[in-house]
Amino acid sequence: MKEEQVLCQVKIFMDNLARGVDPASGEELPQKSVLRREQLVKCFRYVSQALEQELDRQKEAARTWEVEAAVKEEAVGEAETMRTRMAKIVYSLGFTGWRPFLYKAATEWMTQEGYLELGETSAHSSQKDIPFITLKGKAIGLLEVKQQEGGALVFLCSEKCQDFLQGNMDKIMALEQRQWEPFLNCLTSEWHAGFSYLEKPDTLTALLRHINSQFPVNLPRKPSVLQVFSWLKWKGLLEDKFSENGRKGTEPTFEGGQLGLSMNYRRTVLFPLSAQKFIMDNIEQMIRDLASGDAYRLGRVPQKLTGVQEVLATIRLDQKEQTLYEMESKINRVLSSLGEGSCKLPRGVIWIWLRREGYIQSKRAGTKKVSSPTDAGRAMGLCTNPKDYFSVNQAGQHFVVEHLEEICDLYLELLNKE
């Protein structure tokens with residue numbers, strides 16, 4: 001029997017006793033029965049009224065829940081997670097190098113303003129605090145509908161909440177910059193004087209672990225690997241490169257190589273002493289660039305390549321052979337001159353496109369994978385130079401530029417797989 005049915009049955013019993021009727025038999029109680037005393041009759045009536053109020057409250061709560069559920073169901077259909085919405089907002093503002101930029105600041109700001117509140121962690125969660133949505137947060141369209149395996153909640157934003165976030169980006173940006181100030185305050189001349197560099201070239205993960213270990217644990221912000229990678233790309237020392245299987249990696253540019261950056265056998269960037277000193281000499285400016293978001297302004301990738309005709313009209317094709325890397329660099333110089341909306345090709349995309357279209361073939365030779373031009377590739381002007389780099393003659397260069405839109409579409413396809 002449900003609770004509501006039990007309460008109704010109890011109320012009927014109380015009403016019968018208040019009228020002097022035996023609830024079990026339905027017969028009138030004797031006048032001398034103790035259950036007919038005035039004090040007990042008043043108690044029966046009081047309990048009956050209290051039960052009626054509780055039943056009314058439950059009915060109203062049920063109606064409210066149905067209305068809220070209907071509103072939530074309607075809103076969820078047009079909702080996005082807060083992380084997705086913030087990623088779209090920062091991208092629209094030009095911060096394209098790191099999608100999570102400002103998500104943490106948005107969560108912190110909404111907590112400070114009372115839209116979220118930090119609650120206790122569940123027994124199975126590895127997180128210290130799990131924010132939950134307050135009544136004030138629900139009023140702006142935050143929806144608490146999902147929970148991850150670790151116990152953390154995934155917040156869905158209705159269209160109302162999405163507009164709210166967009167309208168408060170200046171406050172969220174200001175908070176993000178304030179959260180970096182404690183780290184900057186630790187970068188004193190005494191700290192620099194006492195800093196010890198890694199003895200051997202190592203990864204950025206190891207370098208940042210070494211740097212961050214020398215700061216207080218509870219700082220609100222410390223630089224991460226992805227953030228510093230984005231800054232180094234912004235500085236022109238690193239660049240994206242796609243491997244043969246279409247996976248995106250990072251490699252030093254020519255300028256990065258001059259600084260000493262190199263790759264190990266695992267295709268991981270190594271930072272020798274010269275690169276470590278570069279980061280330490282510029283760490284204050286790097287932190288300011290991370291806080292302002294300038295380090296993430298790496299240029300937008302358009303939904304469709306623009307500027308193909310401009311490239312065809314502007315690019316100068318060499319009579320001598322050009323490596324595919326030289327072709328990518330030449331194309332990117334022209335595309336970058338077209339301004340915002342152009343598409344910069346990362347290293348390896350032309351090679352992947354040529355292989356996909358059947359101009360390059362790959363075969364196993366023992367433990368190594370060897371690539372060579374196919375007959376179609378040689379016919380369009382593709383060959384290998386003495387260093388086994390793929391190169392194209394003037395006809396091949398023209399062929400690549402003519403298919404630039406298809407190559408850039410492949411780039412967008414690879415990005416969507418990330």
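Arg 83 lies over the face of Tyr 103, at 4.1 Å from the ring centre, where a charge counts as sitting over a ring if NZ of Lys or CZ of Arg is within 6 Å of the ring centre and within 35 degrees of the ring normal. Lys 136 is placed over the face of Tyr 115, at 4.7 Å from the ring centre. This is a predicted model, in which local features need pLDDT of at least 70 and side-chain atom pairs count only at pLDDT 80 or more, while totals for chains, interfaces and linings use all residues. Residues are numbered from 1 along each chain as its sequence is written, and side-chain values use heavy atoms, with hydrogens and water left out.

Phe 183 and Phe 215 form a stacked pair, 4.3 Å centre to centre with 25° between the planes. Both Phe 183 and Phe 215 are buried, a word that means under 20% relative accessible area, with exposed meaning over 50% and partly exposed in between (1.4 Å probe, protein chains only).

The rings of Trp 353 and Phe 399 have their centres 6.2 Å apart and their planes at 45°, so this pair is tilted. Trp 353 is buried, with a relative accessible area of 3%, and Phe 399 counts as buried at 17% relative accessibility. Finally, ring pairs link Trp 180, Phe 183, Trp 191, Phe 195, Tyr 197 and Phe 215 into a cluster.

Notes
Phe/Tyr/Trp six-rings, centres within 6.5 Å; stacked < 30°, edge-to-face > 60°.
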